[in-house]
Amino acid sequence: MQRLDGKTALITGASAGIGKETAIALAREGCRVILAGRRKDRLAETGKKIKEMYDRDYYMLALDIRDKNAVNEAFSRLPQEWQDIDILISNAGMARGVNKMQDADPDDWDEMIDTNIKGLLYVTHAVLPGMVKRNKGDIVHLGSIAGHEVYPGGNIYCATKHAVHAIEKGLRIDLADTPIRVSSVDPGMVETEFSEVRLGDKEKARAVYAGMTPLNGKDIAETIVFIVTRPAHVQIAEVVIFPTDQASAMVTHRRN
Ligand code: 8X3
């Protein structure tokens with residue numbers, strides 16, 4: 001296992017859920033962290049926790065990854081001491097709605113495609129040249145079981161996560177002649193704000209996890225720590241991770 005002392009990690013969607021827990025876990029392992037996200041007040045909460053718990057430096061990058069110019073601008077303004085990013089965790093992503101295609105609102109599609117595919121690409125593209133120049137780096141994309149399977153109500157969300165899967169594979173090919181590693185973590189059910197955002201309702205979100213024990217943000221964060229602490233010759237390509245109560249996108253064991 002490699003220590004991560006002094007490495008710089010950038011985490012998108014670092015204000016909550018998987019992103020927040022990953023930032024905290026990477027700080028524990030020795031990273032200084034760039035916390036990227038839309039809500040600066042919530043990023044500040046993550047930063048404060050990191051400072052208190054592990055006394056690591058952090059930098060807050062207020063960023064809407066859907067805005068290509070804003071992404072380029074934000075990266076061009078990164079202070080010198082934060083520019084050499086060793087680890088990129090592309091976590092920011094979301095789902096909106098579970099309607100059939102014929103009943104869906106195309107604005108929801110735009111939001112998912114702009115965030116999950118285009119936003120992930122803009123951030124990856126902003127970080128890549130530096131990694132290639134320095135000839136080192138780790139890139140971890142947050143995929144989903146929705147990138148492997150398609151389920152009722154999943155349509156466009158599943159399409160975006162299938163795209164993340166293809167992007168991760170393509171990137172690994174593009175970087176095959178470098179020491180840069182590309183990985184994807186593809187979870188099933190994780191209890192975060194994800195279902196509330198998707199369904200627009202706290203009660204409905206709670207029902208998604210009723211009678212079963214879902215994964216939590218920390219479970220995914222520890223998986224990411226495992227990936228980025230492997231020896232340099234080990235590249236974990238993909239990790240599909242389910243709660244023990246889940247067997248596939250469509251099969252979940254509920255106790256009531
Ligand atoms: C989130 C998991 O099963 O809702 O990506 O697609 S699922």
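How do the axes of helix α3 and helix α4 cross, and within what distance do they come? The axes of α3 (residues 68-76) and α4 (residues 106-134) come within 10 Å and cross at roughly 30°.

## About the model

This is a predicted model, in which local features need pLDDT of at least 70 and side-chain atom pairs count only at pLDDT 80 or more, while totals for chains, interfaces and linings use all residues. Residues are numbered from 1 along each chain as its sequence is written, and side-chain values use heavy atoms, with hydrogens and water left out.

## Helix α3 against helix α4

The angle of roughly 30° makes α3 roughly parallel to α4. Here, angles under 35 degrees count as roughly parallel, over 145 as roughly antiparallel, 65 to 115 as roughly perpendicular and the rest as oblique. Axes are lines fitted to C-alpha atoms, for helices over the stretch in contact, with angles from 0 to 180 degrees between N-to-C directions. The helices themselves are DSSP runs (H or I, at least four residues; strands are E, at least two), numbered from the N terminus.

Lys68, Val71 and Phe75 of α3 meet Tyr122, Val123, Ala126 and Val127 of α4, where contact means heavy atoms within 4.5 Å. This contact has six nonpolar, no polar and one charged residues. For these classes, Ala, Val, Leu, Ile, Met, Phe, Trp, Tyr, Cys and Pro are nonpolar, Asp, Glu, Lys and Arg are charged, and the others, Gly among them, are polar.

## Helix α4 against helix α5

Now follow α4 to its meeting with α5. Their axes come within 8 Å and cross at roughly 15°, and the two helices are therefore roughly parallel to each other. α4 passes α5 in a right-handed crossing.

From α4, the contact includes Trp109, Met112, Ile113 and Asn116. Among the α5 residues that they and others in α4 meet are Ile156, Tyr157, Thr160 and Lys161. By class, the contact of α4 with α5 has 13 nonpolar, three polar and one charged residues.

## Cavities

Rolling a probe the size of a water molecule over the atoms shows where empty space is left. On a 1 Å grid over the protein atoms alone, a cavity is a set of points where a 1.4 Å probe fits but cannot get out, a pocket is an open set with protein on both sides within 12 Å along at least five of seven lines, and lining residues have an atom within 4 Å of a point. Points are joined across faces, edges and corners, and a volume is the space filled by probe spheres set on them.

The structure holds two cavities of 30 Å³ or more. The largest has about 70 Å³ of space and 14 lining residues, with Arg96, Gly97, Val98, Asn99 and Asn155 nearest its centre. Both α4 and α5 (155-174) give two or more residues to that lining. The second largest cavity, of about 30 Å³, is lined by Thr12, Ile65, Ser90, Ala92, Gly119, Leu120 and Val123. α4 gives the largest share of this lining, three residues.

The largest share, four residues, comes from α4.

Methods. Left-handed = near helix turned anticlockwise from the far one by under 90°.
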